Amino acid sequence: MLKSSRNIVSAIELGTSKICVLIGNSNPNGQLEVIGYGEVPTEGAIVKGEIIDMNNVYEKLNIALDDADRSSGKELSNNRLSIINVTGCDIDSVHRVGTAIIRTPDQKITEKERFEANQNAEINNMPNDKMLLHSAESYYILDGNRRLRNPEGQIADKLDAHIQIIRGYKNRIENFKRPVVDVGIDENVILPI
């Protein structure tokens, strides 16, 4: 069987009023062409961003996936990435700071220290019932007084990464992710909407 040269991406939204599935082909220029679509009303299975009837969600998701797959010419099997849009789940955004001590012989900040500071910001005070969805670098402070966008190559003793964190309740997000994984789509990214 020949492997598809298409870069197939799917987007799945488990919404209050409907479950939508889009299948697209991402071309080399980064543009996305929609090639398949499926939509099914949830009929009360999801209410205000909360799954009320999991069995009904599975049934509706399978119908929406089948419709999208059929309208795309059976491209879902070539799927490279799935994006799951979630609502509710008490998604919030918080500002966090993570620190890395510079231990290189020349005190020069490398990608390693930047990564360490970012990681420390992401896990800093993360409640056990929350999970990280996304993070974005805001700025860095060197030695408590110099503010920069990119600290790499700078000389310092300490690096503080100021990061914006988007997080949500772990179990509620997993409830949205589980039906998608269970139907066989395991390469996915969660996007809050």
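Two strands pair if DSSP finds at least two bridges between them; strands (E, at least two residues) and helices (H or I, at least four) are DSSP runs, numbered from the N terminus. This is a predicted model, in which local features need pLDDT of at least 70, side-chain atom pairs count only at pLDDT 80 or more, and totals for chains, interfaces and linings use all residues. Residues are numbered from 1 along each chain as its sequence is written, and side-chain values use heavy atoms, with hydrogens and water left out.

Q: What makes strand 7 and strand 10 a pair?
A: Ten bridges join strand 7 to strand 10, against a requirement of at least two. The two strands run antiparallel, and Ala100 has Leu159 in strand 10 as its bridge partner.

Q: Why are strand 7 and strand 9 said to stand at the edges?
A: The open sheet has four strands in the order 7-10-8-9, with antiparallel pairing. Strand 7 and strand 9 (146-148) each have a single partner strand, so one side of each lacks a neighbour in the sheet. From one strand to the next, the twist averages 35°.

Q: How do you know that helix 3 packs on the sheet, and at what angle to strand 10?
A: Helix 3 (residues 170-182) touches strand 8 and strand 10, where contact means heavy atoms within 4.5 Å. Its direction makes about 60° with that of strand 10; axes are lines fitted to C-alpha atoms, for helices over the stretch in contact, and angles run from 0 to 180 degrees between N-to-C directions.

Q: What makes strand 2 and strand 3 a pair, and how many residues lie between them?
A: Strand 2 (residues 18-26) and strand 3 share nine bridges in the antiparallel sense, and Cys20 stands opposite Glu39 in strand 3. The two strands form a hairpin with five residues between them. Gly30, in the turn, has a positive phi of about 85°.
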